[in-house]
Amino acid sequence: MFGAGGGTVSYREIEEVDVVLLWGSNAREAHPIFFHHLMKGLDNGATMYCVDPRRTSSSKFADVWLGIDVGTDVALANGVAREIIHAGLVNQAFIDHSTTGYDEFKASVEPYTLERTAEITGVPADAIREMAHVYAAADKAQILWTLGITEHHHAVDNVLALCNLALLTGHVGHWGSGLVPLRGQNNVQGGGDMGALPNKLPGFQDIDDDEDRGKFEAVYGTALNPTPGLHLTLMFEAMGRGELTAAYVLGENPADSEADIQHARKLLAGLDTLIVQDIFMTRTAELADVVFPASVAWAESDGTVTSSERRVQLTRPAVAPPGEARHDVDILAELARRMGVDIVGDCGDEGGVPVPEKLWDELRSLSPLHAGMSYARLESEGGLQWPCPDLDHPGSPFLHGWLWEDDLGGHGPAPFSVVEHIGPAEALTEQFPLRLTTGRSLDSYNTGVQSNGYTSPIRYGEALDINPADASALGIVDGERVRVSSPRGTVEMAVRLQPDIPVGLTFTTFHFPDLVDINLLTNDAWDRKSGTSEFKAASIRIDKLGAAAN
């Protein structure tokens, strides 16, 4: 919508905010560092509304918890928008000056009355009204979200619906207000910034734009394929058709992390060639023909990382890589050399070994977002936030200030988006009457590769959380092992009775695939715009062990 793939604000702004909508994010457990900044904002008097199907540990810090039904976020956002419009709380001057498509958007949300929105979402109309009024009237307000918004088959529509609220009220492009997609892993932001996307070059420059691509071709000394590539979900579909027969997996564990994992493992095992580059012998690595042991980037190598606030920071090695492990870039350079290609060029030392600072300087020469971020500045200033277009630029705490400039800084106006409620791809049925959603716990990380090697007194997540009323109806008790099935598979696991989870909803994490292979159950329906599978909404049933399966 705004042309940049990053959060629009800085961490310090959340400490000075007036109103926060924490939407689809259990940030206290999934993003604990950021949540400490958020708590400073709450201590300073901010009001927080938490929109989440579960009454999470984060929601207990909120002034109001809106217990939304899974997959109804677009309906709630549209209902909030309609209420803001009907209450006369829109920022009409901002809309007229900085946006386009308002009339069409206004007409599209008209059917989402408070009553209809409450019926669709399960959120009381009074709570919807209150959140709409408080958010719109605030001086500084932010909307924060994570995988509760994006792991749906209509993920992009969810995000656009939240962006519409910021455009409607002018809560973007100035200090304290903005849109904040929290990144769930170290350097996710940096990976996208560096071009780890199928249609982008570093700095979010388009691979199919002749001018953008031409800059890189001139420096690299070779022609680049102008056709955007495949994202991960399309790669798996291409494997299924036999069109993709080799894969090189770096720092990823798709044999545990993909939805409908049994199907994904079958496709990975059927490849002609599978190469894995990782710091651990993951389940994916166990399937590989070749495994390259890599260094731990944040602890064993020089380089940069980028946080959710777009802050680029230097990393320095604390320890040397063990054994024969090598730095990622060294592995890639040596592999290319053996294939007869020099990818290091002027960015190496006398022996041709890549030098991280020289690689970074080449990147700065090609990405306007990073042009002013020399190693010297990153070290002396503790990091810089992009865009930072030259060495005299201080970096950018927030984005899209051009929305408030008289000429929009040469940009076109930001468009409203018409999006409609769809709901989960997989409906509940008599055979599968319960909703399963997945997420993270505080002490564990993704598929557990990096965190399951140690114990923790606060660890949980290998059990299935269920409301006591549902457990009673099924005749099961806390801690009992049960059979859990979806249309794709079956697992055995313990149940954990949780009064904070609504009736009809169940929850577990994906951290313990060796104990509970939960992605045997999750739904691989995916969003056609982002490629993200619907990890947040599968239909399941629970059977007592020993009972006949349906």
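Predicted model: local features only at pLDDT ≥ 70, side-chain atom pairs only at ≥ 80, totals over all residues.

Trainee: Into which domains is the protein chain divided?
Mentor: Bounds like these come from an automatic or database domain assignment. Here you get domain 1 (11-181), domain 2 (188-307 + 311-385) and domain 3 (434-544).

Trainee: How do I read the contact between domain 2 and domain 3?
Mentor: Contact means heavy atoms within 4.5 Å. The C-alpha centres of domain 2 and domain 3 are 32 Å apart, and their contact draws on 17 residues from domain 2 and 18 residues from domain 3. For buried area, take the accessible area (1.4 Å probe) that two parts lose on being put together, summed over both. Between domain 2 and domain 3 that comes to about 1,400 Å², with carbon and sulfur atoms giving 53%.

Trainee: How many salt bridges are there between domain 2 and domain 3?
Mentor: The rule wants a side-chain nitrogen of Lys or Arg within 4 Å of a carboxyl oxygen of Asp or Glu. Between domain 2 and domain 3 the count is one. Arg265 and Asp517 also form a salt bridge through their side chains, at 2.6 Å from N to O.

Trainee: And how many residue pairs are in polar contact across that interface?
Mentor: A polar contact is a pair of N or O atoms within 3.5 Å; within protein, one must be able to donate a hydrogen and the other to accept it, and residues adjacent in sequence count only if both atoms are side-chain atoms. Nine residue pairs pass across the interface of domain 2 and domain 3, both residues being at pLDDT 80 or more. On the domain 2 side, α13 (232-241), α14 (254-257) and α15 (261-269) each supply at least two of the residues touching domain 3. Helices (H or I, at least four residues) and strands (E, at least two) are DSSP runs, numbered from the N terminus.

Trainee: How many disulfides does the structure hold?
Mentor: A disulfide is a covalent bond between the sulfur atoms of two cysteines; the test is a pair of cysteine sulfur atoms within 2.5 Å. The structure holds zero. For Cys50, the nearest cysteine sulfur belongs to Cys163, 19 Å away. Cys50 is buried at 0% relative accessible area (buried is under 20%, exposed over 50%, partly exposed in between; 1.4 Å probe, protein chains only).

Trainee: Which backbone spots deserve a look?
Mentor: Most residues other than glycine have a negative phi, and most peptide bonds are trans. The peptide bond from Trp386 to Pro387 is cis, with omega near 0 degrees, and Pro387 sits in the loop between β14 (384-385) and β15 (414-415). Leu408 is in the loop between β14 and β15, with a positive phi of about 55 degrees. Arg310 has phi near 70 degrees and is buried at 0% relative accessibility.

Trainee: Where does Thr437 lie, and is it buried or exposed?
Mentor: Thr437 belongs to strand β16 (residues 434-439) and is buried, at 8% relative accessible area. A polar atom of the Thr437 side chain lies 3.0 Å from the backbone oxygen of Lys536.

Methods
Residues numbered from 1 in each chain as written. Heavy atoms only, no water.
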